[in-house]
2 protein chains.
Amino acid sequence: MKRRDRNGEIWDFEKEMSSNNHLTSKDGVILGLDGGTTSTVCICMPLMSFSQQLPEPLPILARAVAGCSNHNSVGETAARETLEQVMAEVLYKSNSNRSAVRAVCLAVSGVNHPTDQQRIMDWLRDIFPKHVKLFVQNDAVAALASGTMGKLHGCVLIAGTGTISYGFTEDGREARAAGAGPVLGDWGSGYGIAAQALTAVVRAHDGRGPQTKLTSSILDILNLSSPDELIGWTYADPSWARIAALVPLVVSCAEAGDQVANQILHNSVKDLAESVKAVVRRLGLCGEDGMDPFPLVMVGGVLEANKRWDIGNEVIKHICESYPGVHPVRPKVEPAVGAALLAWTFIKKEPEAKTAT
Amino acid sequence: MKRRDRNGEIWDFEKEMSSNNHLTSKDGVILGLDGGTTSTVCICMPLMSFSQQLPEPLPILARAVAGCSNHNSVGETAARETLEQVMAEVLYKSNSNRSAVRAVCLAVSGVNHPTDQQRIMDWLRDIFPKHVKLFVQNDAVAALASGTMGKLHGCVLIAGTGTISYGFTEDGREARAAGAGPVLGDWGSGYGIAAQALTAVVRAHDGRGPQTKLTSSILDILNLSSPDELIGWTYADPSWARIAALVPLVVSCAEAGDQVANQILHNSVKDLAESVKAVVRRLGLCGEDGMDPFPLVMVGGVLEANKRWDIGNEVIKHICESYPGVHPVRPKVEPAVGAALLAWTFIKKEPEAKTAT
């Protein structure tokens with residue numbers, strides 16, 4: 001393997017391990033990786049039987065965590081280094097190695113186009129032996145699978161710092177909406193909500209907009225004395241997550257009755273619901289009469305942890321008005337497990353996999 | 001001077017010059033500097049008589065141009081180096097030196113707060129001899145002065161890559177609106193218009209928005225084959241000017257009857273007019289009955305060079321509905337000359353300056 005020569009030290013542990021020759025899982029293992037803009041999680045599972053129901057709880061051999069692996073954020077080289085290291089770590093912790101791997105599903109953010117997918121696939125091909133099945137997906141797909149336990153059917157809505165909707169039909173058609181980042185109008189995201197709140201403070205200050213409780217709340221928490229200073233604060237650090245961290249404050253202001261904060265959250269709900277509805281409509285997930293049931297997996301900080309003003313519930317209400325068959329799911333496992341279940345589902349469908357049942 | 005010791009080579013030309021001792025202007029010179037995000041222009045003028053009308057054309061001794069001097073974009077050190085070098089160059093070209101300078105007006109973007117102003121002032125104080133009068137302003141103030149020939153009265157609307165409105169009353173009160181950059185809602189700017197157009201293409205593609213001629217126009221000019229590739233294009237380079245360069249294309253689509261492009265331009269007009277009206281209202285530039293005349297200086301690519309769809313004219317129409325006394329001015333001199341005229345106006349008002357008349 002070319003890659004092993006270039007970056008051998010990452011895989012050094014395998015030499016000692018193979019001489020010991022007591023691997024954990026005789027039928028092999030599968031890897032699931034969820035690579036986001038803030039962190040990367042990789043999990044290792046034994047290859048489970050294809051003929052039976054999934055065991056509960058799922059058998060997780062090991063879990064490893066690393067930093068950002070979005071190539072748009074940290075560059076190609078750093079992203080690959082992170083991905084390779086976290087996969088090596090999880091295999092080491094599982095007392096396993098690359099020869100034991102049956103399949104890998106890498107679900108990473110920033111995969112927006114078949115060329116992104118192919119580039120990562122080519123690189124991944126150099127790391128693993130030929131028999132290993134490789135799958136590369138947008139991280140939203142792993143989030144969907146975490147709610148459907150590996151089945152690619154239905155829609156997922158992610159709303160954290162960013163937002164995306166992604167859906168699949170049972171016959172394999174897929175569609176996405178939003179997920180294009182703040183410049184390209186993801187206004188329902190955590191970043192979008194917070195940026196609108198900061199904008200509302202600036203507009204109240206310069207006379208373009210109504211006064212709002214957001215002004216004192218935001219200046220207090222950022223320890224600034226005037227809205228003029230918000231400009232310097234905003235551009236001092238381009239991190240989207242730093243701005244998105246203001247969302248709970250917008251929710252508090254809305255709960256305290258602030259009209260401006262309320263309007264921002266209502267706009268966000270409308271935007272998030274619209275992106276789900278676009279996916280459902282394009283895929284016909286709701287059937288011809290619009291009444292068919294379909295799962296909607298809900299993931300991300302914006303959809304969770306609200307008190308009275310519950311953005312997630314409001315989004316579901318909106319969608320329900322158009323598609324009463326929507327069945328909201330809050331996943332019980334993390335997206336990296338979703339990725340591993342995807343890998344398992346993919347190889348289950350391949351004819352030669354049947355021999356492993 | 002501390003600064004001379006630190007960065008002497010910039011000012012080396014002065015030693016030879018003072019030994020020759022034949023300076024151009026016996027009454028001294030004034031410097032006007034317009035420092036924007038794309039370029040920095042500095043001009044040198046002889047000190048003109050305070051008792052007479054401004055000569056026409058204005059006597060410009062020299063003009064020097066450099067790159068970006070916005071400290072938010074290139075950092076403090078690089079910004080200062082650029083500013084100092086461009087001032088040295090214009091003095092060298094004018095066959096003059098720092099002792100001959102009577103006043104400097106530095107009008108730079110990114111001055112949003114008194115602390116920004118003071119920091120630049122402190123640094124500038126180290127460069128020039130004590131007798132030199134120094135003024136630091138936001139670059140919008142120089143743009144206003146370029147339309148009013150140095151008089152600080154009325155309002156300026158700048159709409160290029162970014163946008164800002166800035167106004168002054170005759171008794172010295174000032175106010176601004178917008179100018180907070182794309183994160184903080186400057187949607188009427190060139191960047192804002194183009195980002196909305198890109199968003200419209202993404203929304204048409206993923207089913208959230210109506211189809212638009214913007215799709216084929218934008219994909220053609222960027223040489224992309226699918227809207228999915230817009231995400232990679234957008235985040236490959238964070239330059240706001242690169243995105244704002246798509247404005248003429250949005251105007252063409254609107255002129256060709258595209259509803260989505262038309263709506264984006266109408267929103268931009270509304271946003272730009274709102275920021276002017278906020279300044280006019282806060283300063284009472286329109287008088288108590290709303291009918292008083294006031295100049296509105298219009299600057300920047302978004303307000304110029306349109307054909308049938310003329311954003312600048314539409315903005316004026318909007319403002320006229322509220323404030324019929326608005327008197328639009330398209331400046332005949334560049335903002336750096338406006339800055340020099342400001343310096344001249346400032347020292348004219350100071351008691352000791354009278355002796356120079």
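**Stop 1: the A–B interface**

Select chain A and chain B together. Their contact (heavy atoms within 4.5 Å) takes 36 residues from chain A and 36 residues from chain B. This is a predicted model, where local features need pLDDT of at least 70, side-chain atom pairs count only at pLDDT 80 or more, and totals for chains, interfaces and linings use all residues. Residues are numbered from 1 along each chain as its sequence is written, chains are lettered from A and ligands numbered from 1 in the order in which they are written, and side-chain values use heavy atoms, with hydrogens and water left out.

The size of an interface is often given as the accessible area lost when the parts come together. Between chain A and chain B, about 3,100 Å² is buried (accessible area, 1.4 Å probe, that the two parts lose on being put together, summed over both). Carbon and sulfur atoms give 58% of that area between chain A and chain B.

Now show the polar contacts. There are 17 residue pairs in polar contact between chain A and chain B, both residues at pLDDT 80 or more. A polar contact is a pair of N or O atoms within 3.5 Å; within protein, one must be able to donate a hydrogen and the other to accept it, and residues adjacent in sequence count only if both atoms are side-chain atoms.

Helices (H or I, at least four residues) and strands (E, at least two) are DSSP runs, numbered from the N terminus. α7(A) gives the most, with 8 residues. By type, the chain A side that touches chain B divides into 17 nonpolar, 10 polar and 9 charged residues. In this scheme Ala, Val, Leu, Ile, Met, Phe, Trp, Tyr, Cys and Pro count as nonpolar, Asp, Glu, Lys and Arg as charged, and the others, Gly among them, as polar.

**Stop 2**

Select R203(A) and E274(B). They form a salt bridge, with the closest N and O atoms 3.1 Å apart. The rule asks for a side-chain nitrogen of Lys or Arg within 4 Å of a carboxyl oxygen of Asp or Glu.

Next, pick R203(B) and E274(A). Their side chains meet in a salt bridge at 3.1 Å, N to O. This pair crosses between chains, from helix α7 (residues 190-206) of chain B to helix α12 of chain A.

**Stop 3: a sheet in chain A**

Select β6 to β10 of chain A. The open sheet of 5 strands has the order β8-β7-β6-β9-β10, with mixed pairing. Two strands pair if DSSP finds at least two bridges between them. β8 (174-178) and β10 (326-329) of chain A stand at the edges with a single partner strand each, so one side of each has no neighbour in the sheet. The twist averages 20 degrees from one strand to the next.

Zoom in on β6 (residues 154-159) and β7 (residues 163-168) of chain A. They pair in the antiparallel sense over 6 bridges. V156(A) stands opposite Y166(A) in β7(A).

Axes are lines fitted to C-alpha atoms, for helices over the stretch in contact, and angles run from 0 to 180 degrees between N-to-C directions.

**Stop 4: a sheet in chain B**

Select β1 to β5 of chain B. The order in this open sheet of 5 strands is β3-β2-β1-β4-β5, with mixed pairing. Edge strands β3 (62-66) and β5 (133-138) of chain B each pair on one side only. Here the twist averages 15 degrees from one strand to the next.

Strand β2 (residues 40-46) of chain B pairs with β3(B) in the antiparallel sense over 5 bridges. R63(B) in β3(B) is the bridge partner of I43(B).

**Stop 5: backbone exceptions**

Most residues other than glycine have a negative phi, and most peptide bonds are trans. Select E56(A) and P57(A): their peptide bond is cis, with omega near -5 degrees. P57(A) is in the loop between β2 (40-46) and β3 (62-66) of chain A. In chain B, a cis peptide bond joins E56(B) and P57(B), with omega about -5 degrees.

End at M149(A). Not a glycine, M149(A) has a positive phi of about 55 degrees. Look for M149(A) in the loop between α6 and β6 of chain A.
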